[in-house]
Amino acid sequence: MILKPKDIDINQAIAVCERNGVHVSSTPQGRKFVVQVNDNGSTITYEATVYAHRINSAIKSTWRFHAAKILNQKKEADAQ
């Protein structure tokens, strides 16, 4: 069964990501913000900008996305 980002609790998602070297943060860009992901040293900056009142939701969604990706990769590796 493939995990979806909405199936993961935010606290679990942050823990999984931090243990695997993934850190999510925000960076100001003018009056808006962009989400930045540091994945074991390589930095990914998303192009979509969000206003301050939506940044927490964007960061939370990004944590969950990356946690689901990590957990699904581990399940695939264990299955083989």
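The legends below describe close-up views of a predicted model.

Residues are numbered from 1 along each chain as its sequence is written, and side-chain values use heavy atoms, with hydrogens and water left out. Because the model is predicted, local features need pLDDT of at least 70 and side-chain atom pairs count only at pLDDT 80 or more, whereas totals for chains, interfaces and linings use all residues.

**View 1. The open sheet of three strands.** In this sheet, 3 strands follow the order β1-β2-β3 with antiparallel pairing, where strands are DSSP runs of E with at least two residues and helices are DSSP runs of H or I with at least four residues, numbered from the N terminus, and where two strands pair if DSSP finds at least two bridges between them. The edges are taken by β1 (22–29) and β3 (42–50), and each has a single partner strand, so one side of each is left without a neighbour in the sheet. Neighbouring strands of the sheet are turned by 25° against each other on average, direction ignored; axes are lines fitted to C-alpha atoms, for helices over the stretch in contact, and angles run from 0 to 180 degrees between N-to-C directions.

**View 2. Strands β2 and β3, with helix α2 on the sheet.** Strand β2 (residues 32–39) pairs with β3 in the antiparallel sense over 6 bridges, and Gln36 stands opposite Thr45 in β3. Helix α2 packs on the sheet and touches β1, β2 and β3, its direction making about 150° with that of β1; contact here means heavy atoms within 4.5 Å.

**View 3. Thr62 in helix α2.** Thr62 belongs to helix α2 (residues 55–79). With a relative accessible area of 10%, Thr62 is buried, a class that means under 20%, while exposed means over 50% and partly exposed lies in between (1.4 Å probe, protein chains only). When residues up to four places away in sequence are not counted, Thr62 touches Val24, Val35, Val37 and Tyr46.

**View 4. Ser61 in helix α2.** Ser61 also lies in helix α2, and at 44% relative accessibility Ser61 counts as partly exposed. Ser61 and Ile10 are 51 residues apart in sequence, and their C-alpha atoms are 8.6 Å apart in space.

**View 5. Asn72 and the backbone of Leu3.** Asn72 is found in helix α2 and counts as buried because its relative accessibility is 17%. The side chain of Asn72 reaches the backbone nitrogen of Leu3 at 3.0 Å. With neighbours within four places in sequence left aside, Asn72 is in contact with Ile2 and Leu3.

How values were computed. A polar contact is a pair of N or O atoms within 3.5 Å; within protein, one must be able to donate a hydrogen and the other to accept it, and residues adjacent in sequence count only if both atoms are side-chain atoms.
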